[in-house]
Amino acid sequence: MTSNDGYDAAYQGIADLGVSLADGVLSVTLNRPDSLNSLTAPMLQTFAATLERAATDSRVRVVRIGGAGRGFSSGAGISEEDHANPGAAGTPADVLDAANRCIRAIVALPQPAVAVVHGAAAGVGASLALACDVVLASEKAFFMLAFTKIGLMPDGGASALIAAAVGRIRAMRMALLAERIPASEAYGWGLVSAVYPVDEFDAEVNKVIGALVSGPAVALRKTKDAINAATLTELEGALEREKKGQLALLDSHDFREGTKAFQQRRPATFTDS
């Protein structure tokens, strides 16, 4: 079986993360649809390792990142299942470290990374999507920094990635108010590259990816490097600040209350100051 069949020995996913290489496109699919592709440390570690390998593979011309089921990703796993089995999902700190490794890998990729967002992109799931070079959204997609709802702060480089795209005031709105930003509004803000009707989405995504696959690889790489160097100067500092702040918040009463309230489907009562 060859890479054109969607299999390659160098790219092996896990149950929760599909990986395949075909016709120059490395497809990475978040695959926990029952939890809206909530992210675990093993998923993110495999994701990062896959991209780090792809960075030196001349067969890979484009990386396509998407989610199975109804959406892209709901963010880090905070379900009862995740908390009941932290050894499998990883601790929140493990997830944070693995997510940061993914963000660095996406930005450092020589090849264009395309996020395919057909539903929710929330929490660090939004960070993963918005770290990509091209963000294609279905009209049913939405973006949400849901962190403050559970007593946390944005991570995965969101404080730099989103501010670089939409400016300080809109980034503050997303981060502080934890509102859903529909795809149409996200496009108006400059947060996503394009929005398509649901029934045209797959075909339009394939057109964009096809154009990138057939494009001049060296010119695309140098263009990506130049734009990222000009606009993401604060990304590394943001990742470090977010990690320090998030680790402190993960040990707070408000986080424990926020996750308990989420699991019990009730409003949280925050008391930390």
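**Salt bridges, then a pocket**

Start by selecting E204 and K207: their side chains meet in a salt bridge, 3.5 Å from N to O. Keep in mind that you're looking at a predicted model. Both residues sit in helix α9 (residues 201–213), three residues apart, which is about one turn of the helix. K207 is exposed, at 55% relative accessible area.

Zoom in on R104 and E240: their closest N and O atoms are 3.1 Å apart. R104 belongs to helix α4 (residues 92–108) and E240 to helix α11 (residues 235–249), so this pair ties together parts 136 residues apart in sequence. R104 is partly exposed at 30% relative accessibility, and E240 is partly exposed too, at 42%.

Now hop to E179 and R173, whose side chains form a salt bridge at 2.6 Å, N to O. E179 is partly exposed at 28%, and R173 likewise at 32%. The structure holds twelve salt bridges.

Last stop: the second largest pocket, with about 520 Å³ of space. Select C132, D133, V134, I227 and N228, which lie nearest its centre among the 26 lining residues. Then colour β6 (134–138), α6 (158–166) and α10 (217–231), each of which supplies at least two lining residues. Which element gives the largest share of the lining? That's α10, with six residues. Colour the lining by class and you get 18 nonpolar, six polar and two charged residues.

Notes. Residues are numbered from 1 along each chain as its sequence is written. This is a predicted model: local features need pLDDT of at least 70, side-chain atom pairs count only at pLDDT 80 or more; totals for chains, interfaces and linings use all residues. Side-chain values use heavy atoms; hydrogens and water are left out. On a 1 Å grid over the protein atoms alone, a cavity is a set of points where a 1.4 Å probe fits but cannot get out, and a pocket is an open set with protein on both sides within 12 Å along at least five of seven lines; lining residues have an atom within 4 Å of a point. Grid points are joined across faces, edges and corners, and a volume is the space filled by probe spheres set on the points. Helices (H or I, at least four residues) and strands (E, at least two) are DSSP runs, numbered from the N terminus. Ala, Val, Leu, Ile, Met, Phe, Trp, Tyr, Cys and Pro count as nonpolar, Asp, Glu, Lys and Arg as charged, and the others, Gly among them, as polar. A salt bridge is a side-chain nitrogen of Lys or Arg within 4 Å of a carboxyl oxygen of Asp or Glu. Buried means under 20% relative accessible area, exposed over 50%, partly exposed in between (1.4 Å probe, protein chains only).
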